[in-house]
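Me: I am new to this structure and would like to go through it with you. Could you begin with the disulfides and then turn to the spaces inside?

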Amino acid sequence: MTVVVNRRADFTLDNFRRVANAREEVEIGPVAHDAMATARRSFLALLDSDRTAFIYGTTTRPGIEVATAVPPDQQREYARLFRTESGYGFGGGCHAEQVVRGMVFARLADFVEGHARVRPEFAERVAALLRTPLPCVPLDGQAGPGEVLPMLLLAGWMGDFEFEEGEGMALVNGSPYSTAVLADSAVRARNRLAQAEALFALSADAFRAPLEAYDEALEDLWADEYQVEALRALRAHLADAEVSGRLSHQAPVSFRIVPRLLGEARRAVAEAERAAAAALRSVSLNPVYFPPGPHHPLGRMASNGGFHNATAPPVLQSLSSCWAELALAAERQIECFHRGSAYGLPHLLSPPGYRGAIGGPTNLFGWAVTGYVEAARAAAAPALMPAVVVDSQNDLSTATPLAHQKELRAAEAFGGVQAILALVASQALFATGRRPAPPLTDLVAGIRSVFPPVDSPHGRDLGAQAGRLAGVFQAGTVTGRLDFAQPGAVRQPS
């Protein structure tokens with residue numbers, strides 16, 4: 001399949017998923033081809049009308065050298081120098097493949113209506129990058145004024161393609177990196193949230209929590225669309241759950257406020273999707289070309305701050321905070337499961353005859369979960385614009401790379417917590433001989449295919465199995481499905 005782009009309106013979150021996650025190719029459509037060709041001709045006419053006029057990065061050098069003019073007879077050769085550039089950041093592993101593909105896709109949005117004043121063949125060469133394996137974009141060392149540092153890597157991937165005037169800046173300036181990060185985070189967050197709702201429902205069912213905390217009548221009382229959606233999602237997972245044998249008193253707070261927490265996560269995910277959708281169809285170039293109009297027959301150039309995506313860091317921080325809050329709630333539930341007689345559960349969730357050297361079959365996961373929770377909480381700290389001044393011209397930097405790493409870490413840590421909550425809830429059902437609510441049957445079967453209930457302390461590497469379960473949840477945030485047949489260990493993003 002191929003995504004055909006003609007206008008900025010074609011850069012949707014759904015098309016991002018197709019290109020970035022499903023690895024579809026991109027074709028420059030005929031409308032975009034004509035618009036770019038027309039804009040390129042007008043721009044060259046504007047440039048030729050006065051090659052000493054200020055056009056950032058074309059008739060002058062960029063950045064701290066902005067006051068240094070490029071002589072007219074050297075401007076073509078100066079444009080060719082962009083292809084010799086490469087990335088400068090290193091370390092921290094690599095950005096996920098879908099983020100890198102998303103950067104390329106988002107870059108094309110600046111091109112298709114002519115605002116980048118690039119040739120159609122230049123845009124086609126950039127789109128062709130999606131047909132080849134893309135190199136590593138390091139996670140570390142990418143924070144600077146704008147997004148030149150990660151985008152410079154694209155210049156190096158263009159091979160021997162010859163740049164012409166203005167095309168180098170059109171490739172490396174702007175904010176397609178933030179756009180890709182926002183869109184990828186939104187996609188992953190929506191999938192992560194769906195997992196979380198199912199697992200918290202499973203936990204409530206396995207704990208035998210009273211179902212009144214998820215009652216339909218609460219929807220009208222709370223009057224919040226996202227919390228209402230969370231209540232409905234939990235009830236859907238708990239449909240036809242056993243009503244007999246549940247706790248005769250209210251469950252701990254961590255079970256009762258889950259709809260509120262999930263509602264806030266839904267709000268954060270919706271905002272991430274809105275921000276990503278806006279960024280995908282935006283022109284973020286500096287300088288930007290406005291095609292000809294009544295007052296500017298050759299068009300005009302404008303230096304601007306569109307390259308700074310101020311929305312991405314707070315949106316990513318909001319997601320990080322939600323993962324941290326949900327991780328803490330899950331940890332509290334895990335601890336409750338192992339309090340045994342206080343809630344009418346077997347001691348440490350041990351089946352009859354279980355004999356372990358230090359505790360029951362899963363209670364030490366209640367220790368292990370601490371590190372994941374604290375990692376998520378640490379990652380929820382704000383990522384503000386770096387206070388370091390790069391130089392007198394580039395005196396403010398973007399926080400998107402820093403916020404991106406924090407959200408990745410918070411989400412990954414929460415994935416570890418999800419795996420522990422899943423295996424503990426499964427163990428509780430096993431130890432009590434109970435069945436899950438019908439909508440949760442397949443989920444429990446999948447969990448047990450990777451991490452079977454523990455009936456003996458012998459012959460199993462429980463940590464490795466839990467890691468593979470976390471890998472299933474991690475992979476599912478990208479694919480949108482839980483593939484228990486292909487479990488993978490948790491690893492750093494690559």
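Reply: A disulfide is counted here as a pair of cysteine sulfur atoms within 2.5 Å. This is a predicted model, in which local features need pLDDT of at least 70 and side-chain atom pairs count only at pLDDT 80 or more, while totals for chains, interfaces and linings use all residues. Residues are numbered from 1 along each chain as its sequence is written, and side-chain values use heavy atoms, with hydrogens and water left out.

Me: How many disulfides does that rule give?
Reply: The count comes to one disulfide. Cys-94 and Cys-136 form it, with their sulfur atoms 2.0 Å apart.

Me: Where in the chain are Cys-94 and Cys-136?
Reply: They are 42 residues apart, and the pair links distant parts of the chain. Cys-94 lies in the loop between H3 and helix H4 (97-109), and Cys-136 in the loop between helix H5 (120-128) and H6. Helices (H or I, at least four residues) and strands (E, at least two) are DSSP runs, numbered from the N terminus.

Me: Is that disulfide left-handed or right-handed, and why?
Reply: The disulfide is left-handed because the torsion about the S-S bond of Cys-94 and Cys-136 is about -105 degrees.

Me: Changing topic, what is the volume of the largest pocket?
Reply: Its volume is about 1000 Å³. The closest to its centre, of the 38 residues that line it, are Tyr-56, Pro-62, Gly-63, Val-148 and Asn-394. On a 1 Å grid over the protein atoms alone, a pocket is an open set of points with protein on both sides within 12 Å along at least five of seven lines, and a cavity is a set where a 1.4 Å probe fits but cannot get out; lining residues have an atom within 4 Å of a point. Grid points are joined across faces, edges and corners, and a volume is the space filled by probe spheres set on the points.

Me: Which elements give two or more residues to that pocket's lining?
Reply: Those elements are helix H6 (148-157) and helix H7 (167-172). The largest share, three residues, comes from H6.

Me: How does the lining of the largest pocket divide by residue type?
Reply: It divides into 22 nonpolar, eleven polar and five charged residues. Ala, Val, Leu, Ile, Met, Phe, Trp, Tyr, Cys and Pro count as nonpolar, Asp, Glu, Lys and Arg as charged, and the others, Gly among them, as polar.

Me: And how many cavities of 30 Å³ or more are there?
Reply: The structure holds two. The largest cavity has a volume of about 40 Å³, and its lining includes Phe-200, Tyr-214 and Gln-333. Helix H8 (residues 176-207) gives the most to that lining, with three residues. The lining has eight nonpolar residues, one polar and no charged.

Me: What about the second largest cavity?
Reply: The second largest cavity has a volume of about 30 Å³. Helix H3 (75-80) and H7 each supply at least two residues of its lining, which divides into four nonpolar, five polar and two charged residues.
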